[in-house]
Amino acid sequence: MPRIKRPFNEVTRAVSAELASRLAEELRGDREFGQPMIDEQEFPSGRLRVNVIWDDWDRMSLEDRTSLILRAYEMAESRAYRERIALANGLTVPEAIAAGMLPYHVFPALRQGDSVTAEQCRKAMIEEGASILLGEERPVLRFATEEQAEAARTRLALRLPASEPVWVVTQDVGRVEELVGV
Amino acid sequence: MPRRLLDRCQPDSIHEFRLAARRRYDDALTLAFSGRRTASIYLLGYAAEMTLKAAYFYLVGLSEKLPITWSGHLLPAINRGRSLGIIWPNSGAGHNVRAWAELLIQVRASSQVNSYSAAFGREVQRQGQRIEQHWRETLRYHKNHAYEYELTQVRDSVEWYLVHSEDL
């Protein structure tokens, strides 16, 4: 009777080289705004948790997103740095919003007589990194912290002169059950 | 008169989860052998869930037979995960295999001594992600028939957790 012995090999998933290169480039570039938003948290053990919020993950499995993040870190940093990553998650902006990771919302509150148009605001938001996965006509610009949202508002006002009074920052509130601790 | 099944059940505990995970895995194999793939996946998901929960509560020091309750243990664990930044949706929170896997990785990574090796941690996460792709506890409400590859993927992942249950 045949006796088959198989080692367990860590599966290396084929990831999109183009996306991995783009993410690696973002890691090297350290841009101030736009997607992807990369959040690294370091634990006392030296291990890292990495969340990459990026609409380009759309339609990609969680496994592939994780593999791609690890590959990009290896390209941008080193294999040793990649080995420090304990958890890597990729989320689209709508997924991150649903998970409560982006509670601060920046949007234009236009009134008659404002010196900028809705179309100019829409374009400026997209340049700033707004998600258009929910529709190109209504970009969604979200952030994890109030500081990030305020910084975006400042940049939007610079990008679109005379638009400063138009931009509003709001914060999602949790569900009542969460607030009262039920 | 013999006691009814529900009266014979022990409270949830690490010990009970581990034994039940193995039983549900065996049940799932029996279903798979008779072509009942969706039902097989349905039970396999619970085998993974119980294995991960047992591992977490063992890691945080619960004794093997201490009753595990929703308000005393499960909800605080979920809230801990959320406070650590784990994506843990409200719907079916207690059953989220990927989130339980990530909780284990993250709690271990927070400690100087208990961290998984990078490769092992990646596998723990990967298996959870794979199960999440195919399994929800709500599968029971649906009439769909699973593909063979879906069953294979879930079964492989659950087997990985069972094989490594002592190391999780």
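Modeller: Helices here are DSSP runs of H or I with at least four residues, numbered from the N terminus, and the model in which they are assigned is a predicted one. By that assignment helix α5 of chain A covers residues 118–128, and just after α5(A) comes Gly129(A), whose phi is positive at about 115 degrees. Within the helix, the buried residues are Cys121(A), Ala124(A) and Met125(A). Because they cover an arc of only 100 degrees around the axis, they fall on the same side of α5(A).

Most residues other than glycine have a negative phi, and most peptide bonds are trans. Ala162(A) is not a glycine, yet its phi is positive at about 75 degrees; it sits in the loop between α6 and β6 (167–171) of chain A. Since 10 C-beta neighbours lie inside 10 Å of it, Ala162(A) counts as exposed, the cut-off being 12 or fewer. Arg59(A) is likewise a residue other than glycine with a positive phi, near 70 degrees, and its place is in the loop between β2 (48–53) and α2 of chain A. Arg59(A) also counts as exposed, because it has 7 C-beta neighbours inside 10 Å. The peptide bond from Gln35(A) to Pro36(A) is cis, with omega near -5 degrees, and Pro36(A) belongs to the loop between α1 and β1 (37–42) of chain A.

Helix α1 (residues 17–29) and helix α2 (residues 62–76) of chain A pack with their axes 8 Å apart, at an angle of about 55 degrees, which makes α1(A) oblique to α2(A). The crossing of α1(A) past α2(A) is right-handed. On the α1(A) side the contact includes Leu19(A), Leu23(A), Leu27(A) and Arg28(A), and on the α2(A) side it includes Leu68(A), Ile69(A), Arg71(A) and Met75(A). Sorted by class, this contact has 11 nonpolar, 1 polar and 2 charged residues.

Technical notes. Residues are numbered from 1 along each chain as its sequence is written. Chains are lettered from A and ligands numbered from 1 in the order in which they are written. This is a predicted model: local features need pLDDT of at least 70, side-chain atom pairs count only at pLDDT 80 or more; totals for chains, interfaces and linings use all residues. Axes are lines fitted to C-alpha atoms, for helices over the stretch in contact, and angles run from 0 to 180 degrees between N-to-C directions. Helices (H or I, at least four residues) and strands (E, at least two) are DSSP runs, numbered from the N terminus. Angles under 35 degrees count as roughly parallel, over 145 as roughly antiparallel, 65 to 115 as roughly perpendicular and the rest as oblique. A crossing is left-handed if the near helix is turned anticlockwise from the far one by less than a right angle, and right-handed if clockwise. Two residues are in contact if their C-beta atoms, placed from the backbone, lie within 7 Å. Ala, Val, Leu, Ile, Met, Phe, Trp, Tyr, Cys and Pro count as nonpolar, Asp, Glu, Lys and Arg as charged, and the others, Gly among them, as polar. A residue is buried if 20 or more other C-beta atoms lie within 10 Å of its own, exposed if 12 or fewer, and partly exposed in between; C-beta atoms are placed from the backbone. The arc is that of the directions from the helix axis to the C-beta atoms.
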